[in-house]
Amino acid sequence: YSKAPHKQWYQRRVRGFCQARYTFKAEGSRELGFKKRDVIRIRREVDANWMEGELNGVVGIFPRNYVDILEDEDDEGPAVPAKTVPGPPSHSVSSNYVPSYQRSLSSLPGGKGPDDRAKREETRRNEERREHERREQERREQERREQEEMRKRERIEQEKREQERREEELRREQERREQVRREQERIEKERKEQERRENERRERLEQERREQE
């Protein structure tokens, strides 16, 4: 990065201290939150990207690119911030520790400011949009399954009604045939009865004729 002028400030003379360049909001029990220009006592370096420090009796880790290391010029002079190259800090995180337990690297400060709230808000909106799309897709899938189930029930009901209709037609046809059979039997019976009577009448007439002779 190219060197650019930036505002300098002076603090009381300290050793093993650093001064916050940005406000850092702790998002986990292991992290140490602080405000811009707070002076933090350095306890140790966790790795190339994270340090452990103490502020107001609270101990925790914080990203190194949020602070300037304070250096003493000598025993008589005041402490001043170490020379730094302004610009967007590195966002790489050691494999030994992931801030806020797998939080997104976009939460670290970018070129536009320390909090980068716009990116967080955009990420949140994207997550909400994806969640909304997922729920909408599930709702549509549920509606599709319900419609298929409803069509299946309607088809089964229609088949049932069709079966009942065919059975009813068959029953009526059987009744009709039975009725026709009974009618034919009745007609046949009447015909035989009529023939019998006719035969009896002929026999009677024949007998009367013989008697007259």
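**Exercises on contacts, rings and strands**

In the protein, 52% of the contacts between residues at least 6 apart in sequence join residues at least 24 apart; a contact means heavy atoms within 4.5 Å. This is a predicted model, in which local features need pLDDT of at least 70 and side-chain atom pairs count only at pLDDT 80 or more, while totals for chains, interfaces and linings use all residues. Residues are numbered from 1 along each chain as its sequence is written, and side-chain values use heavy atoms, with hydrogens and water left out.

**Elements and surface**

Task: State how many helices and strands the protein has, and in which order they run.

Solution. Begin with the assignment: helices (H or I, at least four residues) and strands (E, at least two) are DSSP runs, numbered from the N terminus. The count is one helix and six strands. Read from the N terminus, the order is β-β-β-β-β-β-α.

Solution. Buried means under 20% relative accessible area, exposed over 50%, and partly exposed in between (1.4 Å probe, protein chains only). By this rule, 23% of the 213 residues are buried. Turn next to the area, which comes from the Shrake-Rupley method with a 1.4 Å probe, where for residues only the protein chains shown count as cover. The protein exposes about 16900 Å², and carbon and sulfur atoms supply 45% of that area.

Solution. A pair of aromatic rings is described by the distance of the centres and the angle of the planes. Rings of Phe, Tyr and Trp (its six-membered ring) pair if their centres lie within 6.5 Å; planes under 30 degrees apart are stacked, over 60 edge-to-face, and the rest tilted. The structure holds four such aromatic pairs.

Task: Why is the pair of Phe34 and Phe62 classed as it is?

Solution. The ring centres of Phe34 and Phe62 are 5.6 Å apart and the planes stand at 90°, so the pair is edge-to-face. Phe34 is in the loop between β1 and β2, and Phe62 is in strand β4, 28 residues away. Phe34 counts as buried because its relative accessibility is 3%; Phe62 counts as buried because its value is 0%. Finally, ring pairs link Phe34 and Phe62 with Tyr22, Phe24 and Tyr66 into a cluster.

Task: Which strands pair with β3, and in what sense?

Solution. Two strands pair if DSSP finds at least two bridges between them. β2 and β3 are antiparallel over four bridges, with Arg41 facing its bridge partner Glu54 in β3. Six bridges join β3 to β4, again antiparallel, and Gly53 has Gly60 in β4 as its bridge partner. The β2–β3 hairpin has four residues between its strands. The β3–β4 hairpin has two, and Asn56 in that turn has a positive phi of about 55°.

Solution. A nonpolar core is a set of buried Ala, Val, Leu, Ile, Met, Phe, Trp, Tyr and Cys residues joined through side-chain atoms within 4.5 Å. The largest one has 14 residues, and Phe24, Phe34, Ile40, Phe62, Tyr66 and Val67 have the most contacts inside it. β1, β3 and β4 each supply at least two of its residues. The largest share, three residues, comes from β3. In β3 (residues 50–55), five of the six residues are buried.
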